[in-house]
Amino acid sequence: MTLKIIGSGFGRTGTRSLKEALEILGFGPCHHMEEVLANPPQVAHWQAVCDGLSPDWDKVFKGYQSQIDWPGAHVWQDLAGAFPGAKIIHSMRPDDSWWNSFSGTIGKLLTIYRDMPLPPHVHEMMEVAEDIVGHRTFGGRWAERDAALAAYHHRAEEVTATLPADRLLVFDVAQGWDPLCDFLGAAVPEVPFPHRNVKSEFWDVVGGEPA
């Protein structure tokens with residue numbers, strides 16, 4: 001099994017909904033941060049990335065047909081080269097919507113996780129996230145709206161400038177099934193497009209939002 005779909009979009013752009021949508025379309029299992037947190041041996045792969053090493057991507061994604069969300073989105077260019085037959089989906093949402101969601105979930109968690117009673121592997125993965133998301137992606141300024149949005153748009157510009165148009169879909173999950181299915185050559189399912197990972201679901205994954 002090899003990756004057929006690579007996600008380059010930031011977390012909180014509907015990635016959990018997109019994961020479920022891809023699995024409905026037959027492109028599962030789909031790798032996502034939730035998969036890493038539920039699978040402790042995965043953490044070592046991403047620690048290696050932080051150390052400047054290039055993991056065996058076939059091993060990292062063994063058993064997966066698709067990848068969405070961080071940490072995989074951080075290495076989208078490496079994955080695009082490692083899996084040349086894969087299509088890339090860059091998920092986005094309107095600026096205010098993304099920032100409000102990000103700042104109240106991932107951004108907040110990056111700021112407070114060291115003081116939370118997390119399982120050891122989750123704490124280790126948060127250290128990875130602080131590195132690749134907090135510092136390498138946002139330059140340490142993930143709590144600043146303008147800086148975070150600048151990084152958000154820089155990624156979109158980088159992706160569209162790098163990839164051929166026929167390999168890339170810039171996608172807002174609010175668009176529903178039609179553009180996604182057209183891009184993947186899949187039939188539109190007879191079920192509603194998923195709507196997952198609202199704020200409460202995000203915090204449930206790490207034991208609840210601290211007061």
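The legends below describe close-up views of a predicted model, in which local features need pLDDT of at least 70, side-chain atom pairs count only at pLDDT 80 or more, and totals for chains, interfaces and linings use all residues. Residues are numbered from 1 along each chain as its sequence is written, and side-chain values use heavy atoms, with hydrogens and water left out.

**View A. The open sheet of five strands, with the order 2-3-1-4-5.** The pairing is parallel, where two strands count as paired if DSSP finds at least two bridges between them, and where strands (E, at least two residues) and helices (H or I, at least four residues) are DSSP runs numbered from the N terminus. Strand 2 (30-31) and strand 5 (168-171) are the edge strands, each of them pairing on one side only.

**View B. Strand 4 (residues 87-91) beside strand 5.** Four bridges join these two strands in the parallel sense; within this pairing, Ser 91 has Phe 171 of strand 5 as its bridge partner.

**View C. Helix 10 (residues 177-184) across the sheet.** This helix lies across strand 1 (5-7), strand 4 and strand 5, and runs at about 175° to strand 5, the angle being taken on a scale from 0 to 180 degrees between N-to-C directions of axes that are lines fitted to C-alpha atoms, for helices over the stretch in contact, with contact meaning heavy atoms within 4.5 Å.

**View D. The salt bridge between Arg 16 and Glu 34.** Arg 16 is buried at a relative accessible area of 12%, whereas Glu 34 is partly exposed at 23% (buried is under 20%, exposed over 50%, and partly exposed in between, with a 1.4 Å probe and protein chains only). Arg 16 and Glu 34 also belong, with Glu 20, to a network of salt bridges.

**View E. The salt bridges Asp 131 to Arg 136 and Glu 144 to Arg 141.** The closest N and O atoms of Asp 131 and Arg 136 are 2.7 Å apart; Asp 131 is partly exposed, with a relative accessible area of 22%, and Arg 136 is likewise partly exposed, at 42%. Glu 144 and Arg 141 meet at 2.8 Å, N to O, with Glu 144 partly exposed at 37% and Arg 141 partly exposed at 43%. A search of the whole structure finds eleven salt bridges.

Terms used:
Salt bridge = Lys/Arg side-chain N within 4 Å of Asp/Glu carboxyl O.
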